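Reader: I'm new to this one and would like to walk through it with you. Could you show me the sequence and the model?

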Amino acid sequence: IFGYPATEIMGCQLTSLLPGEYYSSWIKARREVVDGESPGATIETVGTRKDGSSFSMELSLSEWKDGHERFLTGIIRDLTERKRAEARLLETERRFRDVVEQSPEVIILHGDGILYYANPAFARLIGAHDSSELNGQPLTWIIHPDSRELVASRQTISDENRSETLQYQILHSDGRAIDVEATSVQTWYSGKPALQTHLRDV
């Protein structure tokens, strides 16, 4: 991981593999384990390779004893690929938002009974002032009571390439029912399976 041969790195202080500004997190984690505050500690930090390049890493510490002697074991995992995947996911979500924020189509993302995202067109449809206020609300909050059982039974689509269209009622902010035709496809949001639903006022 660090680019050193084993014979060269044996006996080195761990701090020699960390940029100076990250010493404090290592010292805090070590103290927690050594002082018995925690049986183990895991931190995300940054490592420095032999060539001077830096990379994100996870360091897990645990203590063990051999007679009266105490030792620390550190397990290091390179997080480079995970961080790249997270960055790609964030960029994909940003592009999605850029498109749907401007779309005249009514679009929501939801899963596990939660409304993850609603675009401004949806806010206008139900008379909400700000679409961001809807994010994180229970899905039942926007579904008419007569349609909740139907919507709850269709929260997954087994085939990712298949869409499903339903007709049900949602609630306007003034309490009246709005009849909609909803077409949903399976997607992902923040690393979790979700449904992307396009609604049409009928």
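Reader: How many nonpolar, polar and charged residues does the lining of the largest cavity have?
Author: Keep in mind that this is a predicted model. Twelve residues line the largest cavity, and R154, L166, Y168, S184 and L195 are the closest to its centre. Sorted by class, that lining comes out as six nonpolar, four polar and two charged residues.

Reader: Which strand gives the most to the lining of the largest cavity?
Author: Three strands each supply at least two lining residues: strand 6 (163-171), strand 7 (177-189) and strand 8 (192-201). The top contributor puts in three residues, and that is strand 6.

Reader: Let's turn to the pockets. Which strand gives the most to the lining of the largest pocket?
Author: The largest pocket has a volume of about 230 Å³. Its lining is made by Q13, L14, L17, W26, R30, L59, L61, L72, T73, G74 and I76. Helix 2 (23-34), strand 2 and strand 3 are the elements giving two or more of these residues. With four residues, the one that gives the most is strand 3.

Reader: How do the residues of that largest pocket lining divide into nonpolar, polar and charged?
Author: R30 and L59 are among the residues lining the largest pocket. Divided by class, the lining holds seven nonpolar, three polar and one charged.

Reader: Which residues are the closest to the centre of the second largest pocket?
Author: This pocket holds about 170 Å³ of space. Its lining has 13 residues, with six nonpolar, five polar and two charged by class. Those closest to the centre are I126, A128, L134, W141 and S173.

Reader: What is the bridge partner of I43 in strand 2?
Author: Strands pair through backbone hydrogen bonds, either parallel or antiparallel. Here strand 1 and strand 2 go the antiparallel way, over nine bridges. In the hairpin they form, five residues sit between the strands, and G52 takes a positive phi near 95°. Look across from I43 and you'll find its partner in strand 2, L59.

Reader: Which residue in strand 3 does W64 stand opposite?
Author: Strand 2 (residues 54-66) and strand 3 are joined over ten bridges, in the antiparallel sense. The two make a hairpin with two residues between them, and G67 in the turn has a positive phi of about 70°. Along this pairing, E58 faces R77 in strand 3. W64, for its part, stands opposite F71.

Reader: One last thing: how far apart are the end C-alpha atoms of helix 3?
Author: Helix 3 (residues 80-102) has T80, E93, F96 and V100 buried. For the length, count 1.5 Å a residue: its 23 residues should then span 33 Å. The model agrees with that, as the end C-alpha atoms are apart by 34 Å.

Terms used:
Residues are numbered from 1 along each chain as its sequence is written. This is a predicted model: local features need pLDDT of at least 70, side-chain atom pairs count only at pLDDT 80 or more; totals for chains, interfaces and linings use all residues. Side-chain values use heavy atoms; hydrogens and water are left out. The expected span of a helix is 1.5 Å times one less than its number of residues. Buried means under 20% relative accessible area, exposed over 50%, partly exposed in between (1.4 Å probe, protein chains only). On a 1 Å grid over the protein atoms alone, a cavity is a set of points where a 1.4 Å probe fits but cannot get out, and a pocket is an open set with protein on both sides within 12 Å along at least five of seven lines; lining residues have an atom within 4 Å of a point. Ala, Val, Leu, Ile, Met, Phe, Trp, Tyr, Cys and Pro count as nonpolar, Asp, Glu, Lys and Arg as charged, and the others, Gly among them, as polar. Two strands pair if DSSP finds at least two bridges between them. Grid points are joined across faces, edges and corners, and a volume is the space filled by probe spheres set on the points.
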